Number of protein chains: 2
Amino acid sequence: MTARAASERAPQPAEPAPWASVRERLRARGLRWTPQRRVLIDVLAASTGHVTGSELVDRCRAVDPATVPSTVYRALDVLEELGLVSHSHGHDGREEFHILPDAAHGHLHCTRCRRTWELPAGEAAELTIGLHDARGFSVDLSHLSVGGLCADCRGA
Amino acid sequence: MTARAASERAPQPAEPAPWASVRERLRARGLRWTPQRRVLIDVLAASTGHVTGSELVDRCRAVDPATVPSTVYRALDVLEELGLVSHSHGHDGREEFHILPDAAHGHLHCTRCRRTWELPAGEAAELTIGLHDARGFSVDLSHLSVGGLCADCRGA
DNA sequence: CGCAGTATTGCACGGTGTTGCAACAGCGGG
DNA sequence: CCCGCTGTTGCAACACCGTGCAATACTGCG
Ligand SMILES: [Mn+2]
Ligand SMILES: [Mn+2]
Ligand SMILES: [Zn+2]
Ligand SMILES: [Zn+2]
C-alpha cells in the first residue's frame, strides 16, 4: 500500500503554523518541550472555538490515559502566556478556553439558553476607552464575559 | 442592672429595614423561615460591601458551628432572588456577593493588586445600550465583572 | 394543639481547579 | 554520552461550589 509510505513521508499533517513553532518558542524562554505538553498541543491543534478546561483534560486523557489534570492546567497557563489560548469564565465561573484567538474579543453568555457569542472589540470600545480615559483602567477584553438574556430568551 | 431590662425591651438592635421584612417576604412566597436562614440574615445584616461565598460560610459557622455550606449557598440563591444580595465572579471565578445592592452596578477587578471597584451603570451604559439595540441582548449588569489593570498597576 | 403537606436541611458525592513538595527529566555543556 | 542545573510532573490534599435524596421541620388549618 502507498498509504503507509505517504504517511511516513508526510512532513506534518497540516498543523497550522502557530502550533508548529511552539517548541521553539518554549525553548527560547528557557521552558521545556515535554510529552505532556505535546499531547495538549495536539489536542488543541485538533480543536477550534471554545472548550472548557475539564473538556481539554478529557481530550488529553483520550490521547494519553495517564494524563493528570494539574499538568494540563499548568500547561494551559503557559500557552496562555504565549498567546496561543485565552480564557474567560462562563456564568457558573468555569473556565472556557478560546483556541488561537485571532483578535482580542469578549464573550456574551445567555443565562437561559446557555448560548454564547463573541463580542468583538468594536462593540466594547466605548467601555474600554471610557474606562481607560476616566480611570486609567486597562480592560482585559479577552477575559470579559457579559451575562444576560439573548433576544430569543427575552420572549418569556 | 438595667442593661438586661433594656435589651429585653429593645424592639430591634437597629437592623436595617430590608432585613427586618425578610421573614414576611419569604412567607409571602410560600417559603420558610428557618434557623439556618436566620443565621445567614444576621451575618449579612452585620456585613457590608462585598464578601465571597466561602467567607459567608465561615461567618455563619462562627455563629452556628453546625452550619453546612450547601445550606448557605442555597439560602444565598433565595436571597438573591429577593434582591437582597447579588453576586458576580472575581478573576478566579469565585463568587463575590454584594450585600444590599442599592443600584445595579458592575465591578472592576485589577488582575495584579486584586483591588476591586464598583462600575456604576452610567459607565457601562454605552455597552448595555449598544448590545440592547444591536442584538436585543439584555445585559445583567450586576453580574458583570471587568478584569484588567488599574492605573496604579500599569506603572510596571 | 396535633396533622398533613411541602419546603428545607444534612449528608455524601461529584465537578473543577489550585498548590506544596519531592522525584523526575529536558537540555545545554563538557 | 554522561552531568548537572532547573523546569516539570505526579501525587495528595485542599478549596469552592452544586446536586440528588431521604429525613426533618416549618406552616397553615382543623
Ligand atoms: Mn454567576
Ligand atoms: Mn480567569
Ligand atoms: Zn438565550
Ligand atoms: Zn491594580
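Predicted model: local features only at pLDDT ≥ 70, side-chain atom pairs only at ≥ 80, totals over all residues.
**View 1. The manganese ion (ligand 2) and its protein donors.** Four protein atoms sit around the manganese ion (ligand 2), at 2.1 to 2.6 Å: NE2 of A:His87, NE2 of A:His89, NE2 of A:His143 and, from the other chain, the O of B:His91. A:His89 belongs to strand 2 (residues 85–89) of chain A, while A:His143 comes from the loop between strand 6 (138–139) and strand 7 (145–149) of chain A, so this pair ties together parts that are 54 residues apart in sequence. Both A:His89 and A:His143 are buried.

**View 2. The three-stranded open sheet of chain A.** Follow the strands across and you get the order 1-3-2, with antiparallel pairing. Going from one strand to the next, the twist averages 35 degrees. Zoom in on strand 1 and strand 3 (residues 95–99) of chain A and you'll find three bridges joining them. Here A:Val51 stands opposite A:Phe97, a residue of strand 3 of chain A.

**View 3. Helices against the chain A sheet.** Helix 5 (residues 53–63) of chain A packs on the sheet and touches strand 1 and strand 3 of chain A, its direction making about 85 degrees with that of strand 1. Helix 6 (residues 69–81) of chain A, for its part, lies across strand 2 and strand 3 of chain A, at about 115 degrees to strand 2.

View 4. Over in chain B, B:Thr67 sits in the loop between helix 5 (53–63) and helix 6 (69–81). B:Thr67 counts as buried because its relative accessibility is 11%, below the 20% cut-off. Leaving aside residues up to four places away in sequence, B:Thr67 touches B:Val57, B:Cys60, B:Arg61 and B:Val72.

**View 5. Protein around DNA strand C.** DNA strand C has 21 residues around it, the closest being A:Arg32, A:Glu95, B:Arg32, B:Gln36 and B:Arg37. Of the DNA strand C atoms that come within 4 Å of the protein, 69% are sugar and phosphate. Both chains take part: helix 3 (22–28), helix 5 and helix 6 of chain A, plus helix 4 (35–45) and helix 6 of chain B, each supply at least two residues of the surface near DNA strand C. On the phosphate side, a polar backbone atom of A:Trp33 is 2.9 Å from a phosphate oxygen, and a side-chain N or O atom of A:Arg27 is 3.4 Å from a phosphate oxygen. For a base contact, look at A:Arg74: an N or O atom in its side chain is 3.3 Å from a base oxygen of DNA strand C.

Notes. Residues numbered from 1 in each chain as written. Chains lettered and ligands numbered in written order. Heavy atoms only, no water. Donors = N, O, S within 2.8 Å, 3.2 Å for Na, K, Ca; no water. Helix = DSSP H or I, 4+ residues; strand = E, 2+ residues; numbered from the N terminus. Buried < 20%, exposed > 50% of the residue type's maximum accessible area, 1.4 Å probe, protein only. Pairing = 2+ DSSP bridges. Axes fitted to C-alpha atoms, helices over the stretch in contact; angles between N-to-C directions. Contact = heavy atoms within 4.5 Å. Near = heavy atom within 4 Å. Polar contact = N/O pair within 3.5 Å; in protein donor to acceptor, adjacent residues only side chain to side chain.
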